[in-house]
Amino acid sequence: MTSLWPRIEPLLAAVQKPARYIGCEDGSQAPVHSPHAAAWLLVYPDAYEIGLPNQGLQILYEILNERPDAVAERSYAPWVDMEAALRTAGLPLFSVDTHRPATDFDVLAFNLSAELVYTNLLNCIDLAGVPVRAERRTAAHPLVAVGGHCTFNPEPVADFVDLVVLGDGEEVVSEITAVVAAWKRSGRPEGSRPRVLRDLAQVPGVYVPSLYDVVYDGMRLVSVTPRHPDVPAVVEKRTIADLNQWPYPKSQLVPLTEVVHDRLNVEIFRGCTRGCRFCQAGMITRPVRERSNAQVRTMVSEGLRRTGYDEVSLTSLSSADYSGIEDVVGGIVADPMCQGSVGVSLPSLRVDAYTVGIASQIAKVRRTGLTFAPEGGTWRMRQVINKLIREEDLYGAMESAFSQGWNRVKLYFLIGLPTETDEDVLGIAQLARNCVAVGRRFTNRVTVSTSVGGFVPKPQTPFQWFGQDTPGELSRKVNLLRHDLQRERGVALKWHDPKATLVEGIASRGDRRLGPVIEEVWRRGGTFQEWSEHFDLTRWTDAMAAAGLSVDWYVHRDRDRDEVLPWDHLSAGLHPDFLWHDWQDALTAAGVEDCRWTPCYDCGACTGFGIEHIVASPTPPAGGSQGTGQGVPVRLVAR
Amino acid sequence: MTRVRFRFAKLGKVRWTSHRDMARMWERAFRRIELPLAYSQGFSPRPKVSFGLALPTGAESVSEFLDVELAPGADADLPALPGRLSPALPVGVEVTAAGRLVDGGGSLQSEVTSCCWVVTVPGLDPGELAAAVDRALAAAALVIGRERKGRLTEDDIRPGIVALESIDDATLVCELATMPRALRPTELLLALGLEPSHAGIRRISQWIERDGARWEPLAAPAGATGAPHAAGCAS
């Protein structure tokens, strides 16, 4: 079909931020479709300015377009005004690259990075002109695929998706392409959909929910089992062994309009073995795979030259842990190409690895935003969550920052953690206050922005058995902090809405019985739930009640060891025994070391896949305790 | 200190970007071609770039301007700059001229006195547009409601219409004053009783008028991006 642009453009004068819909970004492609090439529409189910910078989507966009048997374009959830205009005009979801209708594609592939986008997933499928329930689709409809961190428990959206991809996408998209391209070349005959889904289930890392039977006994989940012998009983995630073989994105998209993270982003390593027990990302992306120092330098200098950005972010789950981080930052700052005008930001920093050396390198150009995440307010709490950073480490990091001219830092904390007492909560206020005191030694204009989020236990983590705090309890804890900090002018307290935390809790550990709930919230107009102006808890609680489901049972209840969890048939490589023992250790406040620099404790992530860490340095890069337990008064467990 | 003025066009899909978006595109383009610019002092140094009158989001133009200050001691091969800059800018943004500014010249915002526009309004009956133009030109006053800093005010826009004519049943050519406050083509359409949301709007020239003479901030060289209907807006 031809471009819908002539029909889309007349709608743009009446919508907010029309540049969301034009494409034209530097690095965007206009691939030529053919009957032989599997056509992927990569969709980020949130607003353009949130979705465009997503690196995962950009990586797959390039890899697929390099293949002779695939083409890939992009789409983002149209904002509510544009959605209404499209529906009134009878127009479908479209690609921003060549403005083709979504049904011109063979695969609609969604990135699910947060549970609150589930209703947008349904809305995009519906706007595409595809039945939202997978069982109603025919060979005439595209396949609906999902990837991203939420797929480690995709059961709440199992009714709406055809295939789920677990883990790194770089290799598996090509294997899926081979199956889909063959299906396309066969002319996608009537009745061929079950066959192609069965073939896709043979691809390692691909989970096809419709090929599994789910058995319940009352509320209790009994089993999720494959319906055919050739369909895997447990689907294992995909892991690329060496990040250096995947120097993507090579041509990062440069948007024409304002987006989040509007700068060059270079991924310096994937995976994290710090072992923070609340952190799903750290658990499901193991092991650590560093990109070589030389490749990082090349990607930075070529990326800056090509894009014209004056800021580069070195991304990972804990960037200061990268071997040789000071050299890399110093090299970028000193590069003659940068003319001393390129700022460096490290978005995810551990306080025990943030040194004066890094701070002074960064400060040479521009003092980019500094965010640290102590997560817990007391040492006891941080032992429970295995974030083994000492107060002295935090104050040392503050001194590094304030002494190098910063006057504003951000701190992130969680509340509602296992075994938490009011003393732990108030410890957050005390830490923030002490940080302000450190800053005042250097400047009078200190702001310590302190963000507090309610903890949502996530699948495939040691805390997956834990009962989440109620919104009432979270609000009470927030109020403790507000009261305690009301006279402290240097601390700016912010908190996440406990009502939204509740909905994340419903969706993150739910099972397939939540499908009708998500569908009902969507049908009542509950899209863009990550945006506070569109979020409404009553839509969710009403839908739960209408489906006869208990919020308390799904969210606030501790699970037993022998309970079958909805994601037990999906594996991130971690042994269930490892997770359970780590949960028990948490309850006794016992820590584990970082296995990058200490012996393996056999979590399963390396051994199960025959891979291992790729780390250039045998010791923690910045010295200090590094959260490895070295020199820290902590009871460590040996396994 | 060398100051350079650029003239450029903004056509096609990129017209849906905003004035602020354009500012960021230019900053990236200057870094891509490694043009040494002067930077402001202070906490967060910015290149010394000044833009002219904002073009409304959604409007096209063949007559946009931008002034930059080169880094101290730096010089640039001016005739070569448009050819280097256009590929570093998004498709649809084309640099058509570059010229050195003499010292003492004012800013674009303070010097430009009027702009010429071509406005296409589809779907009107034959003669409807010409009649609306005649009524507007005959009126002593044209009062419209405008929002200014969150407050609704009533303004007479008639003095801001320097010239106005319809050249066919769907096309207006007009010259609108920028002082004391710039009159927008969409405001003109509202005053004419026409729906602005489906109009095609293109700025074709900007004028500096002083002491009975008028000139463009920087003339487009012959053969540069054409300005259809430009003849309707006599210089």
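User: Which residue stands opposite Ser313(A) in β14(A)?
Analyst: In this model, which is predicted, Ser313(A) has Ser345(A) of β14(A) opposite it.

User: How many bridges join β13 to β14 in chain A, and which way do the strands run?
Analyst: Strand β13, residues 311-315 of chain A, is joined to β14(A) by three bridges, and these strands run parallel. They belong to an open sheet of three strands with parallel pairing, in the order β10-β13-β14 of chain A. The edges of that sheet are β10 (264-267) and β14 (343-345) of chain A, each of which pairs on one side only. From one strand to the next, the twist averages 25°.

User: Which helix packs on that sheet?
Analyst: That is α9(A), residues 293-307, which touches β10 and β13 of chain A and whose direction makes about 165° with that of β10(A).

User: Let's zoom out. How many helices and strands does chain A have?
Analyst: Chain A has 20 helices and 19 strands, and its C-alpha trace spans about 70 × 65 × 50 Å along the principal axes.

User: What radius of gyration does chain A have, and what would a compact globule have?
Analyst: For 639 residues a compact globule would have a radius of gyration near 26 Å, and chain A, with 24 Å, agrees with that. Buried residues make up 54% of the 639 residues in the chain. Of the contacts in chain A with a separation of 6 or more, 78% are between residues 24 or more positions apart.

User: Back to sheets: what is the strand order in the open sheet of four strands?
Analyst: In chain A the order is β15-β16-β17-β18, and the pairing is parallel. Strands β15 (371-375) and β18 (491-495) of chain A are at the edges with a single partner strand each, so one side of each is left without a neighbour in the sheet. Neighbouring strands in this sheet are turned by 25° against each other on average, with direction ignored.

User: How many bridges join β17 to β18 there, and which residue is the partner of Ser449(A)?
Analyst: Strand β17, residues 447-454 of chain A, is joined to β18(A) by five bridges, and the two run parallel. Ser449(A) has Ala492(A) in β18(A) as its bridge partner.

User: And which strands does α15(A) lie across?
Analyst: Helix α15(A), residues 471-485, lies across β16 (408-415), β17 and β18 of chain A, and runs at about 170° to β18(A).

User: Where do antiparallel strands come in, say around β7(A)?
Analyst: Strand β7 (residues 212-217) and strand β8 (residues 220-226) of chain A run antiparallel and are joined by six bridges. Val214(A) stands opposite Val224(A) in β8(A). The hairpin of β7(A) and β8(A) has two residues between the strands, and in it Gly218(A) takes a positive phi near 65°.

User: Switching to helices, at what angle do α13(A) and α14(A) cross?
Analyst: The axes of α13(A), residues 391-403, and α14(A), residues 422-440, cross at roughly 35° and come within 9 Å. The crossing of α13(A) past α14(A) is right-handed.

User: Which residues meet there?
Analyst: From α13(A) the residues are Glu391(A), Leu394(A), Tyr395(A), Met398(A), Glu399(A) and Phe402(A), and they meet Leu431(A), Asn434(A), Cys435(A), Val438(A) and Gly439(A) of α14(A). The residues of this contact divide into seven nonpolar, two polar and two charged.

User: One residue I noticed is Gly23(A): where does it lie, and is it buried or exposed?
Analyst: Gly23(A) lies in the loop between α1 (5-8) and β1 (38-44) of chain A, and it counts as buried because it has 23 C-beta neighbours inside 10 Å. Leaving aside neighbours within four places in sequence, Gly23(A) is in contact with Ser28(A), Val96(A) and Asp97(A).

User: What about Lys250(A), where is that and why does it count as partly exposed?
Analyst: Lys250(A) is in the loop between β9 (235-236) and β10 of chain A. Lys250(A) counts as partly exposed because it has 15 C-beta neighbours inside 10 Å. Its C-alpha atom is separated by 48 Å from that of Ser550(A), which is 300 residues away along the chain.

User: Last one: how many residues of chain B are in contact with chain A?
Analyst: There are 17 residues of chain B in contact with 17 residues of chain A. On the side of chain B that touches chain A, the residues divide into six nonpolar, six polar and five charged.

Terms used
Residues are numbered from 1 along each chain as its sequence is written. Chains are lettered from A and ligands numbered from 1 in the order in which they are written. This is a predicted model: local features need pLDDT of at least 70, side-chain atom pairs count only at pLDDT 80 or more; totals for chains, interfaces and linings use all residues. Two strands pair if DSSP finds at least two bridges between them. The radius of gyration is taken over C-alpha atoms; the globule rule is 2.2 Å times the number of residues to the power 0.38. A residue is buried if 20 or more other C-beta atoms lie within 10 Å of its own, exposed if 12 or fewer, and partly exposed in between; C-beta atoms are placed from the backbone. Two residues are in contact if their C-beta atoms, placed from the backbone, lie within 7 Å. Axes are lines fitted to C-alpha atoms, for helices over the stretch in contact, and angles run from 0 to 180 degrees between N-to-C directions. A crossing is left-handed if the near helix is turned anticlockwise from the far one by less than a right angle, and right-handed if clockwise. Ala, Val, Leu, Ile, Met, Phe, Trp, Tyr, Cys and Pro count as nonpolar, Asp, Glu, Lys and Arg as charged, and the others, Gly among them, as polar.
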